[in-house]
Amino acid sequence: MNKPGQAANGGQRPIDIVKGGMVRRHRAERRFKIYGLSAIVLSLAFLSFLLISIVSQGYSAFQQTYIKLEINFDQNVLSGNLATANYQALVKKALYKLFPDVKGRGDKRHLAKLVSPGASFDLRKMVLADRHIIGTTREVWLPANDDVDMAVKGHYRRDVAESERRLTDKQLAWIDVLEHRQRLEKRFNVTFFTAGDSREPEQAGILGAAMGSFYTLIVTLVLSFPIGVAAAIYLEEFAPTNKWTDLIEVNINNLAAVPSIVFGLLGLAVFLNFFGLPRSAPLVGGLVLTLMTLPTIIIASRAALKSVPPSIREAALGIGSSKMQMVLNHVLPLAMPGMLTGTIIGMAQALGETAPLLMIGMVAFIVDIPAGFTDPATVLPVQIYLWADSPERAFVERTSAAIMVLLAFLIAMNLVAILLRKRFERRW
Amino acid sequence: METNNSGVEPEPTEDGAPEAAPALKNGRLVSREDRRTVGIPTVDNPRMRTEHVDVYYNYGEKHAIKDVTLDLARNEVLAMIGPSGCGKSTYLRCLNRMNDTIDGCQVSGKITLDGEDIYAPRVDVSPLRAQIGMVFQKPNPFPKSIWENVAYGPRIHGLATNRSEQDEVVETSLKRAGLWEEVKDHLQDPGTGLSGGQQQRLCIARTIAVSPEVILMDEPCSALDPISTAVIEDLINELKEHYSIAIVTHSMQQASRVSQRTAYFHLGDLIEVGPTEQVFTTPLHQLTEDYITGRFG
């Protein structure tokens, strides 16, 4: 046996061999670091690419072009039932007055199309709110049609042949005139945040889908969190280990990997066809998403329970706590942060889920904002899917804007997860 | 503490080790192959009595304790020594049924507390464990305040129902555990923030807060420095005035310092029981002598 530090083989001291190998070791370490760094850089690059493309396409949807018109609230038009009066005529008259040299029915029709058909609703709202304006003339900013909006925002190509454009040469000229007279203005798009869906992009809003998502997630949370946590506690703390619990465990793990559309089919067959629950309702959506989220919550909660050190359990049992007291007073508080994180991850998944909701009719075109759990509704990701499918150019930016809203919701939920974790976290 | 016999010349006892007589026939030790218990495992009027207990792990695969008969007297400290894996901790955990929590652990034989079979079908383990407290190898305070650590047990057992009663039990328990002076000004600090020795004394305070009659200690000082160890040993000496204490230890010095009787376990067999001084000076069994002279273990 060699004495420490003495020559071993070939006159080399062991420490020289060790040192000789260090170069190789350091190189391997550096290489590993570079792999890791490049993976992070790559994923960050993709993420920022995604975000930049969505934001650059979507930010303009937060503004909408308005046209300033002198509306004469004509007593002759506004006689009779105010709710069904011909407000469109008021808009048309104001436009004709602005362009007195436009004659001919075709041109007049084209001119009228510059203003959104939704403008008449705005006027009706004004009149119904204050009847004294009847008979007066007011300056009113009315939403422009989506094509005008696109032209003003510069998303419109003017160099193609007239037959291939949605706006005629004359319409483009009128837009230029209006812009020159400062009668066109881009304003904050309130409609986008306060309206439900619409076939007219300038009237379409995200609120209906957001409320649908909200109600759906409430149902999901209220059902899946208690059920999931209770199942996890039972399986982890109380259930005997035998082939039945093994079978249940395998099935839960399998359920977590089942394609989500299968849950939609299940919801269609069971909740709609068998139990006869309403179609397109957040209640059913929530039930379906509960089924989908449960495995995630159960698995995360069991992992959180498993990570509580056995010494805490022994300490509690050792002074004579019952099993229930041990779980409720000592294990559960320590497992809570993990359970909440798992739950919020599951909820975020549910928020972004589209496929199962298509099966239960939440893909319908719904204009009204849902006011309850059984009203027909759609949800944010389905709304994105619907708008992405629409041919109008103005829906492109609205799709991106809706994605931004969805992402904002997800970030907010993750923030809550982090805060809850911080709040409940304890060391042992 | 009282034993039937000094143990130098063991007499066969009714259910202890009837055929353990071969000891010291002609001044020689019992051979290593003989695994019957030598010495006197029983005492008069014991606090706890264990009769022919066998413990199996993994549904009968591992025979952890083989036919152990051993008594714990009133107001004594019984030390259990032996090499790692000899079953002394397993035996200790039988006494308050902590082995119930291990899947596949089977206990047979009879263990009584003041004559009552603790494995009888109707026995509820919660009050039993309040009666037979346990201090674990690694200090394991709850991740809650010092006050809450001590008050929790009395509260769940209904021993201290209002705040002033709980304050009182916290104070007396911490005083008895010798921790009061050090923590009385920050009872709301987390128990996990104390030093190792303080944590272990907190665990002892938590155990005595529920007024047990027996305290089981599973190597309570193995994670502690010598000074904390000395403090806890002093504490054990004081506690034996009120409680019966069974302590598992790897340190023979500790066993000789704190205990009145010592039991030596070897691979699941109880080899020798006797007054501590006799076991360490004139062991009867070859295996015991091997162990205490440091031949193995």
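Colleague: Which residues is A:R165 in contact with, leaving aside its neighbours within four places in sequence?

Modeller: A:R165 is in contact with A:Y156, A:R157, A:R158, A:V160 and A:L172, neighbours within four places in sequence being left aside. Contact here means heavy atoms within 4.5 Å. This is a predicted model, in which local features need pLDDT of at least 70 and side-chain atom pairs count only at pLDDT 80 or more, while totals for chains, interfaces and linings use all residues. Residues are numbered from 1 along each chain as its sequence is written, chains are lettered from A and ligands numbered from 1 in the order in which they are written, and side-chain values use heavy atoms, with hydrogens and water left out.

Colleague: Where is A:R165 placed, and is A:R165 buried or exposed?

Modeller: A:R165 sits in the loop between α5 and α6 (169–180) of chain A. Helices (H or I, at least four residues) and strands (E, at least two) are DSSP runs, numbered from the N terminus. A:R165 counts as buried because its relative accessibility is 13%; buried means under 20% relative accessible area, exposed over 50% and partly exposed in between, with a 1.4 Å probe and protein chains only.

Colleague: Which side chain makes a polar contact with the side chain of A:R165?

Modeller: That of A:D169, at 2.9 Å. A polar contact is a pair of N or O atoms within 3.5 Å; within protein, one must be able to donate a hydrogen and the other to accept it, and residues adjacent in sequence count only if both atoms are side-chain atoms. A:D147 lies 18 residues from A:R165 along the chain, with 9.9 Å between their C-alpha atoms.

Colleague: What about A:K153: where does A:K153 lie, and why does A:K153 count as buried?

Modeller: A:K153 belongs to helix α5 (residues 146–153) of chain A. A:K153 counts as buried because its relative accessibility is 14%.

Colleague: Which backbone oxygen lies 2.6 Å from a polar atom of the side chain of A:K153?

Modeller: The backbone oxygen of A:Q63 does, and that of A:S60 lies 2.9 Å from a polar atom of the A:K153 side chain. Not counting residues up to four places away in sequence, A:K153 touches A:S60, A:A61, A:Q63, A:Q64, A:K186 and A:E397.

Colleague: How is chain A divided into domains?

Modeller: Chain A has domain 1 (65–187) and domain 2 (207–424), with bounds from an automatic or database domain assignment. Their centres, taken over C-alpha atoms, are 46 Å apart. In contact across the two are 5 residues of domain 1 and 4 residues of domain 2.

Colleague: Which elements each supply at least two residues of the lining of the largest pocket?

Modeller: In chain A, α8 (207–238), α9 (243–256), α11 (282–306), α12 (310–318) and α13 (323–351) do, together with α2 (125–131) of chain B. By class, this lining has 11 nonpolar, 6 polar and 12 charged residues. Ala, Val, Leu, Ile, Met, Phe, Trp, Tyr, Cys and Pro count as nonpolar, Asp, Glu, Lys and Arg as charged, and the others, Gly among them, as polar.

Colleague: Which residues of α12(A) are buried?

Modeller: A:I312, A:R313, A:A315, A:A316, A:L317 and A:G318 are buried there. The buried residues of α12(A) pack against α8, α11 and α13 of chain A, together with α2, β7 (132–135) and α6 (196–209) of chain B. Just after α12(A), A:G320 has a positive phi of about 90 degrees.

Colleague: What is the volume of the second largest pocket?

Modeller: The second largest pocket has a volume of about 450 Å³. Of its 19 lining residues, the closest to its centre are A:F121, A:K125, A:T191, A:A195 and A:Q203. Two or more lining residues come from each of α4 (119–129) and α7 (190–194) of chain A, with α4(A) giving the largest share, 5 residues. Domain 1 and domain 2 of chain A each give at least three residues to this lining.

Definitions and conventions. On a 1 Å grid over the protein atoms alone, a cavity is a set of points where a 1.4 Å probe fits but cannot get out, and a pocket is an open set with protein on both sides within 12 Å along at least five of seven lines; lining residues have an atom within 4 Å of a point. Grid points are joined across faces, edges and corners, and a volume is the space filled by probe spheres set on the points.
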